[in-house]
Amino acid sequence: MAVGYVLINVKPGMELQAFEVINTIENVAAADLLFGDYDIIVKISADNMGLIAKTVVEDIRQVEGVENTKTLAGAEM
């Protein structure tokens, strides 16, 4: 199982709307609203990193209001 974390910037005033949509996306294991440099952090769990990348590009980045994402890959040790 692969895990990734996505830091998301959203257009001002659209944070809650984007957060609610992102929570419905397949493979999203958890999401939290943030204060600071990013507006939302999302934990994605999938069978492999390819599915995580696909979820970010095809689903999360397409959510209305999402301006920027930064994806961090979880390390397996």
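Contact here means heavy atoms within 4.5 Å of each other. The structure is a predicted model, in which local features need pLDDT of at least 70 and side-chain atom pairs count only at pLDDT 80 or more, while totals for chains, interfaces and linings use all residues. Residues are numbered from 1 along each chain as its sequence is written, and side-chain values use heavy atoms, with hydrogens and water left out.

Setting aside neighbours within four places in sequence, Ile-44 touches Ala-2, Val-3, Gly-4, Val-6, Asn-27, Ala-29, Ile-52, Thr-55, Val-56 and Ile-60. Ile-44 also turns up among the residues with the most contacts inside the largest nonpolar core, alongside Val-6, Ile-8, Ile-22, Ile-40, Val-42 and Ile-60. That core holds 20 residues. A nonpolar core is a set of buried Ala, Val, Leu, Ile, Met, Phe, Trp, Tyr and Cys residues joined through side-chain atoms within 4.5 Å. Buried stands for under 20% relative accessible area, exposed for over 50%, and partly exposed for what lies in between (1.4 Å probe, protein chains only). At least two core residues come from each of strand E1 (2–10), helix H1 (15–22), strand E2 (28–33), strand E3 (40–46) and helix H2 (49–59). These helices (H or I, at least four residues) and strands (E, at least two) are DSSP runs, numbered from the N terminus.

Next comes the sheet. Its 4 strands follow the order E2-E3-E1-E4, in an open arrangement with antiparallel pairing. Strands E2 and E4 sit at the edges, each pairing on one side only, and the twist from one strand to the next averages 20 degrees. Two strands count as paired if DSSP finds at least two bridges between them. E1 is joined to E3 by 7 bridges, and E1 is joined to E4 by 7 bridges as well. On the E3 side, Val-3 has Ser-45 as its bridge partner, and Ala-2 stands opposite Ala-46. On the E4 side, Leu-7 faces Lys-70. E1 is mostly covered, with 7 of its 9 residues buried. Between E2 and E3 there are 5 bridges, and one of the facing pairs is Ala-30 with Lys-43. E2 and E3 make up a hairpin with 6 residues between them, and Gly-36 in the turn has a positive phi of about 130 degrees.

Both helices lie across strands of the sheet. H1 lies across E1, E2, E3 and E4, running at about 165 degrees to E2. H2, for its part, lies across E1, E3 and E4, at about 15 degrees to E1. Axes are lines fitted to C-alpha atoms, for helices over the stretch in contact, and angles run from 0 to 180 degrees between N-to-C directions.

Which residues of H1 are buried? They are Ala-18, Phe-19 and Ile-22. These residues are on the same side of H1 because they cover an arc of only 100 degrees around the axis, the arc being that of the directions from the helix axis to the C-beta atoms. An α-helix has 3.6 residues a turn, so residues three or four places apart point the same way. The cover over the buried residues of H1 includes E1, E2, E3 and strand E4 (66–73).

Helix H2 contains Thr-55, which counts as buried because its relative accessibility is 2%. Leaving out neighbours within four places in sequence, Thr-55 is in contact with Ile-25, Glu-26, Asn-27, Ile-44 and Ile-60. One of these, Asn-27, makes a polar contact with Thr-55, side chain to side chain, at 3.3 Å. A polar contact is a pair of N or O atoms within 3.5 Å; within protein, one must be able to donate a hydrogen and the other to accept it, and residues adjacent in sequence count only if both atoms are side-chain atoms. Asn-27 belongs to the loop between H1 and E2 and counts as partly exposed because its relative accessibility is 26%. Phi of Asn-27 is near 80 degrees, a positive value in a residue other than glycine.

Is Met-14 buried or exposed? Met-14 is buried, because its relative accessible area is 15%. Beyond neighbours within four places in sequence, Met-14 is in contact with Glu-64 and Gly-65. The C-alpha atoms of Met-14 and Asp-39 are separated by 9.9 Å, with the two residues 25 residues apart along the chain.
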